[in-house]
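This report looks at a pocket and at some paired strands. Please read it with the structure open.

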Amino acid sequence: MRFFLISLFIFIFSIPIYAQSDTTKAVVEVDSVLAADTVKYWSKTGNFRLNFRNVTLKNWNAGGSSNISLGGELRLGAIKEKEDITWTSDLLFAYGLIRESSSDFPFKKNDDRILLNTKYSHKINDTWSLSSILNFRTQFDDGFRYRRDANADRETRTFLSTFMAPGYLQGSLGLTLKKEEWYSVTMAPYTGKLTFVWNDSLSNAGAFGVEKGEKSRLEAGSSITTSIKKTLFENVKITSLLNLFAGYESFEKVDVNWEALLELKVNKFITSSVSAVLIYDEDIDVKRDDGTTGPAVQFQNVINVGFSLDLNGNGK
C-alpha cells in the first residue's frame with residue numbers, strides 16, 4: 001500500500017516537471033523570437049478582497065452584541081494551453097476575524113482556508129483527456145469550539161485544529177470528460193490521499209482518522225472530481241469544485257469535499273460574493289451541536305461585500 005501511494009505521487013509530480021523540462025529545452029534550442037512567443041501560452045489571474053463589517057448596539061431591546069469583523073481573500077490562478085496540453089492551477093488564501101465586545105474570548109475566526117488545486121491534462125480527443133490532479137488544503141491558525149457555561153456564567157473553548165492538523169494532500173490519475181468549456185468530470189481509479197496531523201495533542205488523541213501517536217495517514221482509493229466555472233450573466237460568475245473519494249479498504253464510505261463561490265461584481269472595485277464549503281468524512285469525529293460526538297456534515301457559508309482589486313496579467 002505504501003509503495004503504491006509513493007509511486008503514484010511520484011508519477012503525478014513527474015508529469016508537470018517533465019513537461020516544464022521539455023519546454024525549457026525547446027526555448028534553449030529555438031531563436032530568441034520564438035523563445036519570446038512561448039510565454040504567451042500562459043495566462044494568469046489574481047484577485048484580492050478586503051471585507052469589513054461593524055455592528056454597534058446600545059440599549060438594543062432585540063438583544064445581540066456589538067461586533068466588528070474583518071476578512072481578506074487572495075485568489076491566484078494560472079493556466080497554460082499549448083496544443084493538446086492544458087495545465088491549470090488555483091490558489092486561495094482566506095482569513096477572517098470577528099471581535100465581540102461581550103465575549104470572554106473577543107477575537108474569533110470566521111474564515112480560515114489555504115487551498116491549492118492543480119490539474120495537468122493531455123487531450124486524447126475533443127471529449128476525453130488523460131489527467132493528473134493534485135489537491136491540498138489546510139488552515140493558518142488554531143481552531144476552537146466555543147460554548148457558554150451557564151452555571152459559571154462564562155465562555156469556554158476547546159482546541160480543535162491548527163496549521164497542518166489537519167492537512168490534506170490528494171493526488172489522482174484518470175480520465176476527464178469535457179463536452180463544454182465550463183464543465184468537466186474527472187474519474188480517477190488511481191488516487192492517493194494523505195492526511196497530516198502535525199500537532200502532538202491531536203495526534204495522540206487519534207484525531208482526523210490517524211492512529212494514535214501517528215502524524216499522518218495514507219489511503220489508496222478512487223475519486224470523482226467535477227468542476228464548474230461559468231459566467232451566468234454579465235458580472236455574475238459561479239465556480240464549483242466537488243471531490244468524492246472512496247478508499248479501497250472501505251469503499252462504501254465516501255469522503256465529500258465541496259466548495260462553491262458565487263461572485264457579483266458591482267463595479268471595478270466593489271464586489272459581493274457568497275461562498276459555501278461542505279465537508280463530510282467518516283474518519284473525523286465532530287463535536288456536534290447537540291453535544292454528541294461522531295461523523296457529521298461540516299458546513300460553512302460566508303457572505304461578503306467589500307473592496308476588490310484585480311491582479312490579472314497575461315503572458316509575463
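## The pocket

Strand 4 (residues 107-123) gives the largest share of the lining of the second largest pocket, nine residues. Strands here are DSSP runs of E with at least two residues, numbered from the N terminus. The model is predicted: local features need pLDDT of at least 70, side-chain atom pairs count only at pLDDT 80 or more, and totals for chains, interfaces and linings use all residues. Residues are numbered from 1 along each chain as its sequence is written, and side-chain values use heavy atoms, without hydrogens and water.

In total, 48 residues line this pocket, and Gln139, Phe144, Leu160, Ser161 and Gln298 lie nearest its centre. On a 1 Å grid over the protein atoms alone, a pocket is an open set of points where a 1.4 Å probe fits, with protein on both sides within 12 Å along at least five of seven lines; lining residues have an atom within 4 Å of a point. The lining holds 21 nonpolar, 13 polar and 14 charged residues.

## Strands 2, 3 and 4

Strand 2 and strand 3 (residues 85-100) run antiparallel and are joined by 16 bridges. Two residues separate them in a hairpin, where Glu83 in the turn has a positive phi of about 55°. Strand 3 is also joined to strand 4 by 15 bridges, again antiparallel, and this hairpin has six residues between its strands. In strand 4, Lys119 is the bridge partner of Thr88.

## Ser69

Ser69 lies in strand 2 (residues 67-82). Its relative accessible area is 14%, so Ser69 counts as buried (under 20%).

Terms used:
Helices (H or I, at least four residues) and strands (E, at least two) are DSSP runs, numbered from the N terminus. Ala, Val, Leu, Ile, Met, Phe, Trp, Tyr, Cys and Pro count as nonpolar, Asp, Glu, Lys and Arg as charged, and the others, Gly among them, as polar. Buried means under 20% relative accessible area, exposed over 50%, partly exposed in between (1.4 Å probe, protein chains only). Two strands pair if DSSP finds at least two bridges between them.
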